[in-house]
Amino acid sequence: MTDNHASQLAASRAAGTRSRRLLKPLGFLMLALFAVALLSSCANDQRTVFHTDSDTATADAGGDTNRIPWDYKIVKGTVGDLIGSDMTILPDNALLPNDGNYATGDSVWTMQFMSADMTTGASGHDEVQLSAWTTIKSYPDEAKAKADLANLKISLQTTVPLVGVYKTEYQGKTRNFAVLTLPSGNQLKQPIDEDRYKSLKSLKKVPIKVEEIHDYVDYDLAYAKFRGWA
């Protein structure tokens, strides 16, 4: 080996050593950046999967929304167009299965259903958003419709906790209120007169009339409405 070749080999080895010394910290830096990016990606995926915009909005508002059965009614109608195995019910043109083999122009009775979205805010107050009426079933006569309705809307008496009574005064006028806890767990405020205020003042529980509204698909899902003092 000549001196010239020896010098070139030594210079090459020195350059390789310097390159390896530079690549080591650069490699660690790239690895760290990749780990950060990977963690960031996982975090982003977690927000996308577990926290939708609607969830965030609900959380920010401090609300918890539940859909509950709200009401039923019976409506008399007329069969309109026949569409395959279905029929329209006038005057709203609701589409239902023609299970009773009705003809155009026949009189029918229908059951209509309304649900509600109840949101309990951070302050404990309930806000209710009612749905539109939905036609769910047809009947050949009113008696059969009322028989079903009696099983879906049940009137009864029960005893519930009395949270308390209180008075408010505004511009010289006094109003009395009672706050109850319904069987559904929701609290209800009712105006009361002076005599009832005095009679309820020392009580912890009170008898009331309620109307249980059951869901026609999931009967165990029900909401109890206050219907007066027992």
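Predicted model: local features only at pLDDT ≥ 70, side-chain atom pairs only at ≥ 80, totals over all residues.
Biologist: What percentage of the residues in the chain is buried?
Modeller: Buried means under 20% relative accessible area, exposed over 50%, and partly exposed in between (1.4 Å probe, protein chains only). The chain has 230 residues, and the buried share of them is 26%.

Biologist: Which residues of helix α3 are buried, and why do they line one face?
Modeller: Helix α3 covers residues 142-152, and its buried residues are A145, L149 and L152. Seen down the axis of α3, these buried residues fall within an arc of 55° (taken from the directions from the helix axis to the C-beta atoms), so they line one face of the helix. The residues asked for are A145, L149 and L152.

Biologist: Which strands do the buried residues of α3 pack against, and which residue caps the N-terminal end of α3?
Modeller: With contact meaning heavy atoms within 4.5 Å, the buried residues of α3 pack against β1 (64-83), β4 (107-120), β6 (134-139), β7 (153-170) and β10 (205-214). At the N-terminal end of α3, a side-chain oxygen lies 3.2 Å from the backbone nitrogen of A143, and the capping residue is D141.

Biologist: Is E211 buried or exposed, and which side chain joins that of E211 in a polar contact?
Modeller: E211 is found in strand β10 and counts as buried because its relative accessibility is 13%. Not counting residues up to four places away in sequence, E211 touches K153, I154, S155, Y223, A224, K225 and R227. A polar contact is a pair of N or O atoms within 3.5 Å; within protein, one must be able to donate a hydrogen and the other to accept it, and residues adjacent in sequence count only if both atoms are side-chain atoms. At 3.3 Å, the side chain in polar contact with that of E211 belongs to R227.

Biologist: Which element gives the largest share of the lining of the largest pocket?
Modeller: On a 1 Å grid over the protein atoms alone, a cavity is a set of points where a 1.4 Å probe fits but cannot get out, and a pocket is an open set with protein on both sides within 12 Å along at least five of seven lines; lining residues have an atom within 4 Å of a point. The largest pocket is lined by 19 residues, of which D126, N186, Q187, L188 and K189 lie nearest its centre. Two or more lining residues come from each of β4, β5 (126-130), β9 (187-192) and β11 (222-229). The largest share, 5 residues, is from β11.

Biologist: What is the volume of the largest cavity?
Modeller: The structure holds 1 cavity of 30 Å³ or more. V75, G77, I89, L90, P91, D92, A94, T110, Q112 and T135 line the largest cavity, and the elements giving two or more of its lining residues are β1, β2 and β4. Grid points are joined across faces, edges and corners, and a volume is the space filled by probe spheres set on the points. For the largest cavity, the volume is about 70 Å³.

Biologist: Which peptide bond is cis, with omega near 15°?
Modeller: Most peptide bonds are trans. P91 lies in the loop between β2 (86-90) and β3 (94-97), and P91 counts as exposed because its relative accessibility is 68%. The cis bond with omega near 15° runs from L90 to P91.

Biologist: What is the phi of N93, and what is the phi of Q171?
Modeller: Most residues other than glycine have a negative phi. Phi is positive in N93, at about 60°, and in Q171, near 50°.

Technical notes
Residues numbered from 1 in each chain as written. Heavy atoms only, no water. Helix = DSSP H or I, 4+ residues; strand = E, 2+ residues; numbered from the N terminus.
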